[in-house]
Amino acid sequence: MSDSRHTDNEQAADAELEQILNAAGPRPQPPQQVSQRAYDSLKSEWSSLVAEKKQRRRRRLLSVAASIGVLVGSVWMFNVQQQVPTWEVAVTSGSFELNSTRYDAPQEMTLAEGDYLYSQEPVRFERTDGADLRLGYATALSIANGTQVNLQQGSVYIDTKGTTDFLVRTPIADVRDIGTRFMVSLESSTLQVAVREGAAEVTSEFGAQIAKVDGAKAQVVTVDNTGQTLQLESLADSRWEWIHAASAGYQSRSLTALVNQIGHDLGKTVRFADHGVEVSVANEQVDGDLRNMSPRQALEIITRSTGLVWREAQEEIILDFQR
């Protein structure tokens, strides 16, 4: 009974609702202009919602990309910071201590930042970039980075071969090469910088000064506790003699090329006694092993094998036939 009465009530309600709607008549349609405005408004609102959603998604992607970029950058910076500047070198002459361990030439090795070198005798290092570094008697220095060494005592000779800019730092002054062959010597409280080719800048508490080759003379900067001075001396001054004890010798077979290289190493001009001698030996080739020989030893072998004699003057070497 209950279910039957509920059904009759629903039917009566539906009939009443239908009667009301019929009495109201059909709902008038809005003008086309009003409908278009409503459509445009709805489309604009929808487009704004879609654009905002896309913008939020883009911001999330950019945030993720930025996070990845920061992570990659951090890893790269970490790796860069972990890379220790190194020197790839061949030890071609002499013996030395590297971090208190003794090594003898010939030797190929890697020198890293912080490595400490000590030589009791002249020793020569040739870097893979062509630069030539020689340590004198009782010399101590450390590797600071790829282009800088810290000299504590003794003498260091550097021939950059134009490959890089070197800085020699000492307790008294800093010496920066300007494409050159130069020597830095530190003894007690006195520093001397001599140049054989190019120029070097010396910077101390007394200011900055350039040492360079001036014609056939070399400029030498001296710094001590009284000040900084500049003087001239011969390119073949005796201060350079020790570097020949660490010579790598010679490999060229051309007589002309060999004698010019020897003159370059000794800081002297090489000339022939007359034009006839020069023409006669222009195509001469030299046989024999000249490796690890000092300039004068090699010159002796060269002249003997080609029938020449040599004579050394203060500023030059003269080659002539045996008379």
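**View A. Contact between helix 3 and helix 5.** Leu255, Leu258, Val259, Ile262, Asp265 and Leu266 of helix 3 meet Pro295, Arg296, Ala298, Leu299, Ile302 and Thr306 of helix 5. By residue class, this contact of helix 3 with helix 5 comprises nine nonpolar, one polar and two charged residues. The model shown in this and the following views is predicted.

**View B. Packing geometry of helix 3 and helix 5.** Helix 3 spans residues 255–266 and helix 5 spans residues 295–306; the two pack at an angle of about 155°, and their axes are 10 Å apart. Because angles over 145 degrees count as roughly antiparallel, helix 3 is roughly antiparallel to helix 5. The crossing of helix 3 and helix 5 is left-handed.

View C. Strands of a sheet pair through backbone hydrogen bonds, in either the parallel or the antiparallel sense. Strand 19 pairs with strand 22 (residues 316–321) in the parallel sense, over four bridges. Threonine 269 stands opposite glutamate 316 of strand 22.

**View E. Cis peptide bond at proline 106.** Alanine 105 and proline 106 are joined by a cis peptide bond, with omega about -5°. Proline 106 lies in the loop between strand 3 (101–104) and strand 4 (107–112).

**View F. Serine 100, a residue with positive phi.** Serine 100 is not a glycine, yet its phi is positive, at about 75°. The loop that holds serine 100 runs between strand 2 (95–98) and strand 3. Serine 100 has a relative accessible area of 64% and is therefore exposed, the cut-off being over 50%.

**View G. Serine 188, a residue with positive phi.** Phi of serine 188 is positive, near 55°, in a residue other than glycine. Serine 188 is found in the loop between strand 12 (181–187) and strand 13 (190–197). With a relative accessible area of 72%, serine 188 is exposed.

Note on methods: Residues numbered from 1 in each chain as written. Predicted model: local features only at pLDDT ≥ 70, side-chain atom pairs only at ≥ 80, totals over all residues. Heavy atoms only, no water. Axes fitted to C-alpha atoms, helices over the stretch in contact; angles between N-to-C directions. Parallel < 35°, antiparallel > 145°, perpendicular 65-115°, else oblique. Left-handed = near helix turned anticlockwise from the far one by under 90°. Contact = heavy atoms within 4.5 Å. Nonpolar A, V, L, I, M, F, W, Y, C, P; charged D, E, K, R; others polar. Buried < 20%, exposed > 50% of the residue type's maximum accessible area, 1.4 Å probe, protein only. Pairing = 2+ DSSP bridges.
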